[in-house]
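Keep the sequence and the 3D view open while you read.

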Amino acid sequence: MSTAADLADLLRGAEHAVVLTGAGVSTESGIPDFRSPGGTWERYDPLEVASLATFLRDPALFWRFHRPRIDMLSRAEPNGAHRAVAELERRGLVAALITQNIDRLHRRAGSPAPIEVHGSIDRGECLRCEARVSLDELIARADAAEDGVPRCACGFQMKSGVVLFGEQLPPEAIDAAYDHAERADVMLVIGSSLAVAPVSQLPALVLRRGGRLAILNIGDTPYDDEAHVRLRGQAGAELAATLESLGVA
Ligand code: NAD
């Protein structure tokens, strides 16, 4: 069983450490993850409510699911785990942050340029004319509409910047994620079940090139046997202990 001191040692010796986060880094902010017991997928079928097909076919149904979710995500505050990752970046101990999360909490905790491979709620967009608006503007338009569906000036329904099932992942973000994984001598995974491709392939890339893997996740992942450091505690507490070991707390 590894300790936070082991993680600190690994990061101290790294030349290009990359952090990869998932929904578990935000549960301590009150945002449920997908696959823990009681998580979002036990109550909704994501292929139904979070799909491009539903957005196109029945925007009112789509927005009935998304609006409370966007409101919940907007109210959440960054937690100690987000702040610890930002601190590791500030200290030069972590070179890049890749996240599957859409909640903006890494940015709000001070991470300068998280690579958001599944998009973010920080904007609204039109799939027809490619117009972009801020999140505040998107919500204002939803509030103004009788059916709760925000509309673009071109008349088409708008969506948030979150990538839907059936949509392509943003190519710049995916390219940047692969680029960092290829250069990483250490990858630290925090709060991800590593079940969603293509992000789930990134640790394999690091291992194949002789890099080391650290996993901080309560639940199991497919890479547990290959991890050099494996921590199973709460992200906030484990990262606080890691910063302390590094002498930067
Ligand atoms: P996941 O739900 O598949 O896995 C989360 C993992 O985090 C679980 O294995 C769980 O054991 C672990 N975990 C939960 N709380 C933790 C804590 N406090 N400390 C340490 N580990 C903890 O999430 P995923 O791998 O990110 O994949 C799910 C998809 O859901 C992603 O595509 C993501 O975009 C999306 N999602 C995002 C948010 C968000 O933005 N906050 C929330 C839910 C889902």
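Two strands count as paired if DSSP finds at least two bridges between them. Helices (H or I, at least four residues) and strands (E, at least two) are DSSP runs, numbered from the N terminus. With that in hand, look at β4 and β6: they run antiparallel and are joined by four bridges. The model is predicted, so local features need pLDDT of at least 70 and side-chain atom pairs count only at pLDDT 80 or more, while totals for chains, interfaces and linings use all residues. Residues are numbered from 1 along each chain as its sequence is written, and side-chain values use heavy atoms, with hydrogens and water left out.

## The antiparallel sheet

β4 belongs to an open sheet of three strands, ordered β5-β4-β6, with antiparallel pairing. Because β5 (132–134) and β6 (158–162) are at the edges with a single partner strand each, one side of each has no neighbour in the sheet. From one strand to the next, the twist averages 40°; angles here run from 0 to 180 degrees between N-to-C directions, and axes are lines fitted to C-alpha atoms, for helices over the stretch in contact.

Strand β4 (residues 119–126) is joined to β5 by three bridges. Six of the eight residues of β4 are buried, so the strand is mostly covered; buried means under 20% relative accessible area, exposed over 50%, and partly exposed in between (1.4 Å probe, protein chains only).

| Residue | Bridge partner | Partner's strand |
|---|---|---|
| G124 | V133 | β5 |
| R123 | S134 | β5 |
| E125 | K159 | β6 |
| T21 | I190 | β7 |
| V186 | R212 | β8 |

β4 and β5 form a hairpin with five residues between them, and E130 sits in its turn. E130 counts as exposed because its relative accessibility is 61%.

## Helices on the sheet

Helix α5 (residues 59–75) lies across β4 and β6 and runs at about 45° to β6. Helix α8 (residues 135–144) also packs on the sheet, where it touches β4, β5 and β6, and its direction makes about 90° with that of β5. Contact means heavy atoms within 4.5 Å.

How do α5 and α8 meet each other? Their axes come within 12 Å and cross at roughly 140°. That angle makes α5 oblique to α8; angles under 35 degrees count as roughly parallel, over 145 as roughly antiparallel, 65 to 115 as roughly perpendicular and the rest as oblique. The crossing is left-handed, meaning that the near helix is turned anticlockwise from the far one by less than a right angle, whereas clockwise would be right-handed. On the α5 side the residues are W63, R67, I70, D71 and S74, and they meet L135, L138, I139, A142 and D143 in α8. By class, the contact of α5 with α8 has six nonpolar, one polar and three charged residues. Here Ala, Val, Leu, Ile, Met, Phe, Trp, Tyr, Cys and Pro count as nonpolar, Asp, Glu, Lys and Arg as charged, and the others, Gly among them, as polar.

## Another helix pair

Helix α6 (residues 80–90) packs against helix α11 (residues 235–246) at an angle of about 30°, and their axes are 8 Å apart. The angle makes α6 roughly parallel to α11. α6 passes α11 in a left-handed crossing. A81, A84, V85, E87 and L88 of α6 make the contact with A235, G236, L239, L243 and L246 of α11. By class, the contact of α6 with α11 has eight nonpolar, one polar and one charged residues.

## The parallel pairings

Strand β7 (residues 186–190) pairs in the parallel sense with strand β1 (residues 17–21) over five bridges. β7 also pairs with strand β8 (residues 212–216), again parallel and over five bridges. Both faces of β7 are covered, with V186, L188 and I190 buried on one side and M187 and V189 on the other.

## Backbone details to check

Most residues other than glycine have a negative phi, and most peptide bonds are trans. R104, a residue other than glycine, has a positive phi near 70°, and it lies in the loop between β2 (96–99) and α7 (105–108). A cis peptide bond joins A197 and P198, with omega about 5°. P198 lies in the loop between β7 and α10 (202–208).
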